[in-house]
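Here is a brisk report on one protein chain. Keep the sequence and the 3D view open as you read.

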Amino acid sequence: MLIDEFMPVYDVSDAVARVVEADVATTWTALMNVDLIDVGRKRPLVAVLSALRALPDVGHHLLHGELPPRQPQHLGLRDLTTIPLRQGGWVLVGLREQDEIALGLVGKFWRPVIEFGRVSSPVEFRDFCEPGFAKTIYALSVRPLGPRRTLLTGVMRTATTDEDARRWFRRYWTLGVGSGAHLLVNGLLDVTCEMARPSGQ
């Protein structure tokens, strides 16, 4: 898998999976078309967690007399790579059509206002080793289980670049961020299943 190529060694990992009653092509199309904002509408806890995480950044902008960045009306997985790096834009680590997509992000996630690492390519992501940061990958894949059944999987991994970052990240993860990431990907997979499911089922 792409995640193994780009992050074979890591500090924390989590995975979720669903069996989708649809073929691979239909499931992949649904995954690529999922609106992450809609996931928040359909899964209120995901929206609450996202809002709480965004509050410090909103406050930071307001204290400096700036308007927070406008929120998009629609946000698909591919759209994450169009967000400016300084605002938390993800890197497309790899894409295999109707198979797997992997997205990467570098930052000091434990800070109230996240400082993001400036990486803009898969190679820069893989080779990034500046002290004090964490690198995370979200990989989503589809695998056939039969003509009309698909295994949809989400894997999240994070690796830190030094011992100081490792200590900070482990505190951050232990305080509930791990369960938040789990809920987010669970919601994404649930909505993908709903979109892929044939009407009437």
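## Strand pairing around β6

Strand β5 (residues 134–146) and β6 run antiparallel and are joined by 12 bridges. Strands count as paired if DSSP finds at least two bridges between them. In this pair, V142 stands opposite L152 of β6. R143 has L151 of β6 as its bridge partner. The link between β5 and β6 is a hairpin of 2 residues.

Strand β1 (residues 12–20) also pairs with β6, antiparallel, over 9 bridges. Here D14 has M156 as its bridge partner in β6. What share of β6 is buried? Of the 12 residues of strand β6 (residues 149–160), 10 are buried, so the strand is largely enclosed by the rest of the structure. Buried means under 20% relative accessible area, exposed over 50%, and partly exposed in between, with a 1.4 Å probe and protein chains only.

## Model and conventions

This is a predicted model: local features need pLDDT of at least 70, side-chain atom pairs count only at pLDDT 80 or more, and totals for chains, interfaces and linings use all residues. Residues are numbered from 1 along each chain as its sequence is written, and side-chain values use heavy atoms, with hydrogens and water left out.

## The chain as a whole

The chain has 6 helices and 6 strands. Along the sequence they follow the pattern α-β-α-α-α-β-β-β-α-β-β-α. Both kinds of element are DSSP runs numbered from the N terminus: helices are H or I with at least four residues, strands E with at least two.

Of the 201 residues, 41% count as buried. The accessible surface is about 10700 Å², and carbon and sulfur atoms hold 57% of it. Areas come from the Shrake-Rupley method with a 1.4 Å probe; for residues, only the protein chains shown count as cover. Among contacts with a separation of 6 or more, 74% link residues 24 or more positions apart. Contact means heavy atoms within 4.5 Å.

β3 and β5 pair in the antiparallel sense over 8 bridges. V106 has K135 of β5 as its bridge partner.

The structure holds 1 cavity of 30 Å³ or more. The largest cavity has about 30 Å³ of space. A cavity is a set of points, on a 1 Å grid over the protein atoms alone, where a 1.4 Å probe fits but cannot get out; lining residues have an atom within 4 Å of a point. Points are joined across faces, edges and corners, and the volume is the space filled by probe spheres set on them.

Which residues form the lining? Strand β3 (residues 100–108) gives the most, with 3 residues. By class, 6 are nonpolar, 3 polar and none charged. Nonpolar covers Ala, Val, Leu, Ile, Met, Phe, Trp, Tyr, Cys and Pro; charged covers Asp, Glu, Lys and Arg; the others, Gly among them, are polar.

C193 lies in helix α6 (residues 163–196). Is C193 buried or exposed? Its relative accessibility is 9%, so C193 counts as buried.

Leaving aside neighbours within four places in sequence, C193 contacts R18, V20 and L152. C193 and V19 are 174 residues apart in sequence, yet 8.2 Å apart in space, C-alpha to C-alpha. L152 is also the residue of β6 that stands opposite V142.

Conventions. 1 Å grid on protein atoms, 1.4 Å probe; cavity = no way out; pocket = protein on both sides within 12 Å on 5 of 7 lines; lining within 4 Å.
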